[in-house]
Amino acid sequence: MRRAFSDSLLKLATADDSVIFLTGDLGFGVFDDFIAAFPKRYINVGVAEAHLVDCAAGLALEGWRPIVYSIASFMTGRAYEQIRVSVGYHKLPVMIVGAGGGYLYGDSGVTHHAKEDLGLMALVAGMTVVAPGDPNEVEHLLPQLSTLGGPSYIRIGRFGEPRFEAPAPINVGQARMLRDGKRIGIVTTGTVVIQALAAVDQLATEGIHPVLCHFHTVHPIQVDALDHLLSRVDSIVVVEEHGLQGGLGAAVAYRCVQSGRLPHIVRLGPGDDLVLGNPKQEELRQELGFDAHGIANTCRRLWDSRSA
Amino acid sequence: MAHQVELLRRNIPTGSIADLQRHARSIRATCVVMAYLGRQGHLTSALSCVDILVALYSGYLRVSPDRLRDPHRDRFLFSKGHAASAYYAVLAGAGFLPREELATYGKGGSRLPSHPCREMLPCLEISSGSLGHGLGMGTGMVYGMDQSGNRGRVVVLMSDGECNEGSVWESAAFAVAQKQDRLVAIVDNNNMQAVGRTDQLMGGASFEHKFNAFGWEARTIDGQDIGQILSALNDVPFKPGRPSAIIAKTTGGAGVSFMADNTVWHYRVPSKEDLTKALAELGEPPMTRVSL
């Protein structure tokens with residue numbers, strides 16, 4: 001996904017000479033091709049996230065399309081004020097890139113955990129928030145975000161995540177129906193979609209067929225897609241690598257209440273507690289039950305309880 | 001007995017320093033009237049930067065109400081947003097705003113809220129009110145203008161209390177690293193902030209020393225002396241390849257004896273008596289009408 005991002009960035013800058021990239025001293029070796037091609041459109045501001053965003057806002061006011069990059073926890077947390085005021089209040093088309101959202105850097109400790117990035121960004125006026133599920137979605141969403149009239153946030157993962165193929169088009173703001181089924185609707189955002197796909201494929205061999213609907217765009221959520229899903233299933237399983245507030249689970253729950261459709265909702269993902277002990281992302285997903293195994297188990301339980 | 005204070009009819013003068021000084025007194029009178037009408041405070045902050053603003057808009061800044069988005073214009077970033085009354089009054093004096101509109105300052109629905117909003121007032125380069133953003137945004141503008149071949153200068157007016165913010169110093173370092181010599185930071189050094197004194201809160205090292213230590217070329221001047229302000233501005237860049245900092249030593253509430261250097265006037269809204277007394281002291285008519 002990291003490579004998909006740097007390749008897409010290079011393409012984007014080649015096609016649009018107003019694209020300018022700013023990093024908070026991160027991405028060693030990742031952007032070498034970009035630097036070679038566009039030395040003046042690559043700015044390393046140093047470990048200075050507040051400045052990173054203010055500077056990008058100044059560039060955007062001059063008609064540039066800045067893309068700012070740091071580790072998700074620092075990008076969204078340390079520069080929140082600058083994102084809110086200089087980007088949000090000024091309605092500027094700055095693309096904010098959070099590398100390693102959720103617990104991708106789980107084993108780096110709490111400082112590097114970003115289970116609040118999506119929620120923080122969703123609270124900023126006019127912000128479009130996406131968490132792609134695979135490199136393919138990064139490649140499709142990045143150019144679309146760069147043409148938005150306002151700010152956007154994109155959470156990107158590591159190098160080497162698997163790709164998945166699905167006929168559903170990849171458009172900002174639109175959910176993707178990845179597997180059709182019945183009774184249970186699994187909704188995902190971010191790279192946990194890979195876990196959900198594995199779970200659904202396993203469940204199919206057992207005669208269990210949940211719907212899988214992937215929301216790479218968490219905010220604004222596609223309400224009609226969500227309503228359509230809610231009208232078709234008895235249970236919703238939300239899988240997200242995010243805290244309880246401000247993420248996909250919160251958006252789904254809010255829509256359920258708002259629409260008056262109240263299916264049984266199970267949310268799989270981290271809670272509010274600090275995660276100590278430096279687990280790797282896979283270990284944490286397993287421990288908290290939002291890996292493929294945990295998702296499948298939850299679906300089996302729901303399927304059995306309702307068929308009884 | 002009610003009477004009407006006359007409107008000042010002339011625009012910001014481009015002539016002698018004495019004319020500019022007289023205009024600055026009128027701007028101060030206007031600020032006090034605006035605070036009175038709009039039930040707003042922050043007079044100390046507004047009055048301390050009046051002379052700086054008058055100097056900037058007396059012909060130094062290459063800006064025009066007719067060409068708000070001219071790519072080659074100078075960019076002026078009013079980063080100490082809480083002092084908005086002074087900026088609005090100077091903008092009105094320079095033809096960017098109808099001066100009658102100054103009477104709406106701070107009122108609901110006005111284009112002139114207590115902190116400037118670019119969404120409502122397009123002649124502003126930035127919205128402000130939260131401190132520590134202007135310098136960083138200014139550095140981004142300089143970078144972008146360098147790449148685009150735009151010729152303008154970028155002038156950022158900050159308060160000294162604003163320099164408590166760490167983001168100011170992140171941006172200060174960047175400006176040096178990028179050799180941004182078309183960038184000018186003016187620090188309104190009134191040594192007064194919301195609760196404390198700036199020199200006490202920041203440990204007392206001078207702003208000239210701090211900016212020089214970051215690699216800027218800094219110069220300290222009397223920020224109430226329009227001649228000194230203009231002469232410093234005309235010397236920019238002080239050193240080629242370096243951003244310039246003008247440390248303007250000012251007095252909070254300057255021009256009105258009972259407000260001068262008095263922290264209470266960071267908050268207080270003038271009463272009718274305060275207004276009458278201030279206008280008498282200033283001796284120049286304000287630019288906006290007030291019934292007393």
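What share of the contacts in chain A with a separation of 6 or more comes from residues 24 or more positions apart? The share is 77%. Two residues count as in contact if their C-beta atoms, placed from the backbone, lie within 7 Å.

## About the model

This is a predicted model, in which local features need pLDDT of at least 70, side-chain atom pairs count only at pLDDT 80 or more, and totals for chains, interfaces and linings use all residues. Residues are numbered from 1 along each chain as its sequence is written, while chains are lettered from A and ligands numbered from 1 in the order in which they are written.

## Chain A overall

Chain A has 12 helices and 12 strands. These are DSSP runs, numbered from the N terminus: helices are H or I with at least four residues, strands E with at least two.

The C-alpha atoms fill a box of roughly 65 × 40 × 35 Å along the principal axes. Of the 308 residues in chain A, 56% are buried (20 or more other C-beta atoms within 10 Å of the residue's own, with C-beta atoms placed from the backbone).

## Two domains

Chain A is assigned domain 1 (2-156) and domain 2 (176-307). The bounds come from an automatic or database domain assignment. The C-alpha centres of the two domains lie 27 Å apart.

Their contact takes 27 residues from domain 1 and 26 residues from domain 2. On the domain 1 side, helix H6 (117-122), strand E5 (128-130) and helix H7 (135-145) each give two or more residues. H6(A) gives the most, with 4 residues. By class, this side has 13 nonpolar, 8 polar and 6 charged residues. Here Ala, Val, Leu, Ile, Met, Phe, Trp, Tyr, Cys and Pro count as nonpolar, Asp, Glu, Lys and Arg as charged, and the others, Gly among them, as polar.

## A helix pair

Helix H9 (residues 223-232) and helix H10 (residues 248-259) of chain A pack at about 70°, with axes 11 Å apart. Axes are lines fitted to C-alpha atoms over the stretch in contact, and angles run from 0 to 180 degrees between N-to-C directions. So H9(A) is roughly perpendicular to H10(A) (65 to 115 degrees).

Val223(A), Leu226(A), Asp227(A) and Leu230(A) in H9(A) meet Val252(A), Arg255(A), Cys256(A) and Ser259(A) in H10(A). This contact has 5 nonpolar, 1 polar and 2 charged residues.

## Where chain B touches chain A

Here 20 residues of chain B are in contact with 21 residues of chain A. On the chain B side, H5(B) supplies the largest share, 11 residues. That side has 5 nonpolar, 13 polar and 2 charged residues.

Key
Angles under 35 degrees count as roughly parallel, over 145 as roughly antiparallel, 65 to 115 as roughly perpendicular and the rest as oblique. A residue is buried if 20 or more other C-beta atoms lie within 10 Å of its own, exposed if 12 or fewer, and partly exposed in between; C-beta atoms are placed from the backbone.
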